[in-house]
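Here's a quick tour for anyone meeting this structure for the first time. Have a look at the model below, then read on.

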Amino acid sequence: MATIFTKIINGEIPSYKVAEDDNYYAFLDINPLAKGHTLVVPKKEVDYMFDLDDETLAGLNIFAKKIAKAIEKAVPCKRIGTTVIGLEVPHAHLHLIPINGINDMNFEKPKLKLSDEEFKQILADIHKYL
Ligand code: 5GP
């Protein structure tokens, strides 16, 4: 069965799309740790990051790089933290999170509750730099 991320990539489930190319898709995390928290996903449906073929794994990071640069311009922060967890959705993905300190990467923290307008504003801010 298709993962929820494949359904997002195929447009069957809506998302706040940050960027897309032939092989990768990036969208705002619906339960963000910080404004601008973005997920970067290979369109190829593989559960575990380290089961990706080398080309897809390398390409994921290269695709993520320009998105991280745009997020850090759009959202005030020290830098973009990246992490891979993958315990919830079995479709390899990178988290890109604007951070100012180590605690901003703590996934046990309560997530932000953002309105549709807030998500759209963040998206517009990021798109200015892509
Ligand atoms: P992980 O698999 O890395 O542990 O967590 C999955 C991440 O995907 C979580 O941060 C969660 O908020 C996000 N997520 C799960 N379902 C959806 C969804 O339907 N839309 C979006 N935008 N994010 C999702």
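A polar contact here is a pair of N or O atoms within 3.5 Å. Keep in mind as you read that this is a predicted model.

With that cut-off in hand, take Leu87: one of its polar backbone atoms is 3.2 Å from an oxygen atom of the ligand. Gly86 has a polar backbone atom 3.0 Å from a ligand oxygen. Then there's Glu88, where a backbone N or O atom lies 3.0 Å from an oxygen atom of the ligand.

## Where the ligand sits

Which pocket holds the ligand? It's the largest pocket. Two elements give two or more residues each to the shell around the ligand: helix H1, spanning residues 4–9, and strand S2, spanning 24–28. Of the elements, H1 gives the most, with three residues.

## Who's in the shell

There are 16 residues around the ligand, and the ones that come nearest are Leu28, Asp29, Val89, His93 and His95. Sort the shell by class and you get ten nonpolar residues, four polar ones and two charged ones.

## Salt bridges

How many salt bridges does the structure hold? The count is seven.

Technical notes: Residues are numbered from 1 along each chain as its sequence is written. This is a predicted model: local features need pLDDT of at least 70, side-chain atom pairs count only at pLDDT 80 or more; totals for chains, interfaces and linings use all residues. Side-chain values use heavy atoms; hydrogens and water are left out. A residue is near a molecule or strand if one of its heavy atoms lies within 4 Å of it. A polar contact is a pair of N or O atoms within 3.5 Å; within protein, one must be able to donate a hydrogen and the other to accept it, and residues adjacent in sequence count only if both atoms are side-chain atoms. On a 1 Å grid over the protein atoms alone, a cavity is a set of points where a 1.4 Å probe fits but cannot get out, and a pocket is an open set with protein on both sides within 12 Å along at least five of seven lines; lining residues have an atom within 4 Å of a point. A molecule sits in a cavity or pocket if more than half of its atoms lie within 2 Å of its grid points. Helices (H or I, at least four residues) and strands (E, at least two) are DSSP runs, numbered from the N terminus. Ala, Val, Leu, Ile, Met, Phe, Trp, Tyr, Cys and Pro count as nonpolar, Asp, Glu, Lys and Arg as charged, and the others, Gly among them, as polar. A salt bridge is a side-chain nitrogen of Lys or Arg within 4 Å of a carboxyl oxygen of Asp or Glu.
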